[in-house]
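Please keep the sequence and the 3D view open while reading.

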Amino acid sequence: MEILKNNEEPSTHYDEGTKLMLSNILSHPAYNKPSYKWSLDDFEFGTRLGRGKFGRVYIAREKRSGWVVALKTLLKKEIVKGHVERQILREIEIQSHLEHPNILKLHVWFHDDHRIYLALEFAGKGEVYKELTSSPLGRFSEQRTAKYIYQVADALDYCHRKKVIHRDLKPENLLLSINDDIKLGDFGWSVHAPSLSRKTMCGTLDYLPPEIVEGKQYGKYVDNWCLGILCYEFLVGSPPFESKSTEETYARIKNIQISFPMHISAGGVDLISKLLLKSSVNRITLPGVMKHPWIVTNYKDKK
């Protein structure tokens, strides 16, 4: 089985965001032609930034402009072996159409016989997870948490308005720019659902909402739940329902068994509690999160 046969898929995805990048950043006239075919010859490779199940990510420089990107390489044979062809193509399709300051930009993608290449916005400070684990006491301050939660909520609200559910929010899927701003990435589990209603079991165990654990129909509010888990993990250093076994974690999620350490302020507890409600439609909205008193108090530089 092949993925991205040349007679089925174009070798270069060329959307409006890419056109903007080409016209504003890349100076060579050839790049402004929609027919331009990208290849590895356009980039100089630097150090490896990370390694995933299906490939690697490198820092790379576009030769003629000097523009720095994170070049993600995916092995086609591993994608086919893992039966995730549709998932990868969906990720590319969704991410290439999202334009938001707190969402990692997919500039362009192309492929050859063996690999798919994604030229992504370079986030200079790397993963939020690494920042979290290296922070004093393994957690963020309320001020830093409020900033990050505001920016993630803003990005998710934009996604929902575009009828996209992320479905896999966690520190490992968030990056930081050199200016310490959130970049939401990894849209591998995301879905464009005009009805915003799904039933697929997906996501990360500690972040699963009750409706997914119980196998029920769910919608965009799964992301709101995950935002509550994220806020808790930022403030504590670990997710609230983490347990020794999957069964115990499931049980704690279903029963909303959560305890708050004394160092979390009443405002932080209030916001998390309003996100981690079993009734999905009663969870605080994303605009509501951005206007929550605890966010307003702790994030002074919000737009």
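## Terms and model

Helices (H or I, at least four residues) and strands (E, at least two) are DSSP runs, numbered from the N terminus. Two strands are said to pair if DSSP finds at least two bridges between them.

This is a predicted model, in which local features need pLDDT of at least 70 and side-chain atom pairs count only at pLDDT 80 or more, while totals for chains, interfaces and linings use all residues. Residues are numbered from 1 along each chain as its sequence is written, and side-chain values use heavy atoms, with hydrogens and water left out.

Strand β2 covers residues 43–51 and strand β3 covers residues 55–62; the two are antiparallel and share six bridges. Three residues form the link in the hairpin that joins β2 to β3. Across this pair, Glu44 is opposite Arg61 in β3.

β3 also pairs with β4, again antiparallel, through seven bridges. Ile59 has Ala70 in β4 as its bridge partner. These two strands make a hairpin as well, with five residues between them, and Gly66 in the turn has a positive phi of about 80 degrees.

Strand β4 spans residues 68–75, and seven of its eight residues are buried (buried means under 20% relative accessible area, exposed over 50%, partly exposed in between, with a 1.4 Å probe and protein chains only). Strand β6, residues 115–121, is antiparallel to β4 and joined to it by seven bridges.

## The three-stranded sheet

Another group of strands forms an open sheet of three, in the order β7-β9-β10, with antiparallel pairing. Its edge strands are β7 (126–127) and β10 (182–184), each pairing on one side only. Two bridges connect β7 with β9, which covers residues 174–176. Gly126 stands opposite Leu176 in β9.

Helix α5 (residues 142–161) lies across β9 and β10 and runs at about 35 degrees to β10. Axes are lines fitted to C-alpha atoms, for helices over the stretch in contact, and angles run from 0 to 180 degrees between N-to-C directions.

## A lysine in helix α5

Is Lys147 buried or exposed? Lys147 lies in helix α5 and counts as buried because its relative accessible area is 17%, under the 20% limit. Leaving aside residues up to four places away in sequence, Lys147 touches Asn179, Asp180, Asp181 and Tyr299 (contact means heavy atoms within 4.5 Å).

## Nonpolar cores

A nonpolar core is a set of buried Ala, Val, Leu, Ile, Met, Phe, Trp, Tyr and Cys residues joined through side-chain atoms within 4.5 Å. The largest one here has 55 residues, and those with the most contacts inside it are Leu169, Leu174, Leu227, Leu230 and Phe234. Helix α7 (residues 221–236) gives the largest share of this core, 11 residues. Apart from this core lies another, of 14 residues, including Ile92, Leu104, Leu106 and Ala123.

Not counting residues up to four places away in sequence, Leu227 touches Ile149, Val152, Ala153, Leu169, Leu275, Leu286 and Val289.

## Cysteines

How many disulfides are there? A disulfide is counted when a pair of cysteine sulfur atoms is within 2.5 Å, and the count comes to zero. Cys159 is buried, at 0% relative accessible area. Cys231 is buried too, with a relative accessibility of 0%.
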